[in-house]
Amino acid sequence: MSNARCAREAVIQTLPLFEMMRMRAATTARRHPVLGFASEDRASRLRWVNQFTHTHRRIGPDDREVVSPNNDTVFSNAWLDLSAGPVLIDTPDMGERYWTLGLLDAWTNPFAYVGRRTTGNRRQRTLVHGPGWAGDVPAGVDHVIAAPGDDVWVIGRILVDERPGNLEEVAALQRGISAHRLDGSDAAMRVDTRLDGRLVDTPTAALYRATVEDALARNPVPQGETLRWPPDEEALAAELAAVFDELRHKAQPHELGGGWALPVAVRTHWGADLEMRARVARNFIGALGIEEAMYPTAEVDAHGEVLNGSHAYELRFPPGATPEVDAFWSLTLYRRSDCLLVANPIHRYSVGDRLPGLLTQADGGLSIRVQAHDPGAGHNWLPAPPGEDFYVVLRLYQPRRRHLEFQFPYPPLRRS
């Protein structure tokens with residue numbers, strides 16, 4: 001096998017590690033509420049891990065950090081470093097609302113969950129430990145999660161709705177999520193992320209190699225996978241840009257019919273599909289497994305034409321054929337040029353089963369008008385950007401069997 005081919009395969013395999021370390025640098029906090037800054041030097045790469053940070057509002061069109069952002073929930077975020085021992089995660093009683101903590105290993109496998117679907121909504125304590133721990137589980141622990149490596153990204157989502165005061169209620173719940181050691185002390189510790197969290201371009205070969213080798217020391221290759229590392233230095237430098245660019249633009253969705261496709265179809269582990277794993281790490285990092293949430297995406301209408309705000313569309317679910325979920329569903333629109341939410345006069349970025357005043361038709365069907373101009377009273381309107389290309393994502397939280405088996409009949413968007 002040529003040096004170039006070896007280098008390409010090595011990058012495909014290890015790119016998730018690099019992207020996860022990039023996200024760790026970007027999303028960990030410089031400041032701890034009690035212990036202060038990880039470093040007084042603003043240029044320092046030191047950050048706090050084993051500490052939850054929270055977003056107490058829904059993402060809107062002015063937020064540009066994440067592409068295709070979710071507008072249904074608020075987020076809680078923590079990076080666990082299990083090298084010094086287990087971490088206990090305490091979560092409050094969430095009432096009846098949807099919530100989840102999704103745990104991803106350093107290879108982007110969504111290997112475990114705490115939340116409504118898996119562990120319920122009561123107050124609970126979860127112990128997360130790395131592969132080298134063999135201690136005793138203390139009293140009062142409800143769940144034990146064995147992580148395959150020492151680095152774990154915990155991404156929390158809690159549903160919010162339009163009721164007055166609901167955001168404040170959820171913010172209080174977020175503040176009730178905490179991380180501790182087995183002895184009850186704060187689990188926070190400093191780590192050198194070694195990366196600039198604002199880095200978005202293709203890394204240099206030297207930075208890529210150093211980052212991957214550091215991550216490999218803490219996170220073994222998934223079981224059944226053979227490590228293709230390290231590649232030839234010159235070949236690595238030559239292949240990095242090509243692979244990063246290829247993965248950004250190469251589409252490998254699961255076709256669902258009606259112009260819909262599923263960009264991410266993982267459950268708990270990517271298995272042998274290393275190229276799909278790398279593509280998702282490059283474009284959809286942090287996505288949940290499909291048993292927790294599915295994200296069918298439509299970029300074209302019923303005739304295969306790209307969706308554009310110069311046209312008006314109707315998405316109609318026949319009677320009894322709305323999305324089948326155990327939590328909730330929503331349809332969100334994004335501008336195609338930057339994959340972000342689009343500002344509009346009614347400040348509506350998604351339409352779903354929780355929309356106040358959601359209208360059904362006389363026969364029991366449900367229609368959503370997707371267009372730039374107000375269709376008037378009597379319609380469920382999702383505003384589109386005038387004259388611009390866009391796409392929509394149908395988010396399905398706790399999807400039921402027909403979705404999971406790819407047998408649900410997704411209706412196309414038709415010009416109206």
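When I call a residue buried, I mean that its relative accessible area is under 20%, with exposed meaning over 50% and partly exposed lying in between, for a 1.4 Å probe and protein chains only. Helices (H or I, at least four residues) and strands (E, at least two) are DSSP runs, numbered from the N terminus. What we have here is a predicted model, in which local features need pLDDT of at least 70 and side-chain atom pairs count only at pLDDT 80 or more, while totals for chains, interfaces and linings use all residues. Residues are numbered from 1 along each chain as its sequence is written, and side-chain values use heavy atoms, with hydrogens and water left out.

Let me begin with strand β11, where nine of the nine residues are buried. In a regular strand the side chains alternate between the two faces of the sheet. In β11 both faces are covered, with Asp151, Trp153, Ile155, Arg157 and Leu159 buried on one side and Val152, Val154, Gly156 and Ile158 buried on the other. Strands pair if DSSP finds at least two bridges between them, and β11 runs antiparallel to β5, to which nine bridges join it; on the other hand, β7 (residues 99-105) also pairs with β11 in the antiparallel sense, over seven bridges.

Now to the interior. A nonpolar core is a set of buried Ala, Val, Leu, Ile, Met, Phe, Trp, Tyr and Cys residues joined through side-chain atoms within 4.5 Å. The largest such core has 53 residues, of which Val11, Leu15 and Tyr208 touch the most other members. Among the elements that give two or more residues to this core are β5 (73-81), β11 (151-159), α3 (205-218) and α4 (233-249), but α1 gives the most, with nine residues. If we set aside neighbours within four places in sequence, Val11 is in contact (heavy atoms within 4.5 Å) with Tyr208, Leu236, Leu240, Val243 and Phe244. Apart from this core lies another, of 30 residues, including Ile290, Val370, Phe390 and Leu404.

I turn next to the aromatic rings. Rings of Phe, Tyr and Trp (its six-membered ring) pair if their centres lie within 6.5 Å, and planes under 30 degrees apart count as stacked, over 60 as edge-to-face and the rest as tilted. A search of the whole structure finds 13 aromatic pairs. One of them, Tyr98 with Phe328, is edge-to-face, at 5.7 Å centre to centre and with 75° between the planes; Tyr98 lies in the loop between β6 (87-91) and β7, and Phe328 in strand β19, 230 residues apart. Tyr98 is buried at 3% relative accessibility, and Phe328 is buried at 1%. The ring of Phe328 also faces Tyr397, and because the centres are 4.3 Å apart and the planes at 15°, this pair is stacked. Since Phe328 lies in β19 and Tyr397 in β23, the pair ties together parts that are 69 residues apart in sequence. Elsewhere, Phe18, Tyr208, Trp229 and Phe244 form one aromatic cluster.

Which residue lies over the face of Phe328? That is Arg354, at 4.5 Å from the ring centre, where a charge counts as sitting over a ring if NZ of Lys or CZ of Arg is within 6 Å of the ring centre and within 35 degrees of the ring normal.
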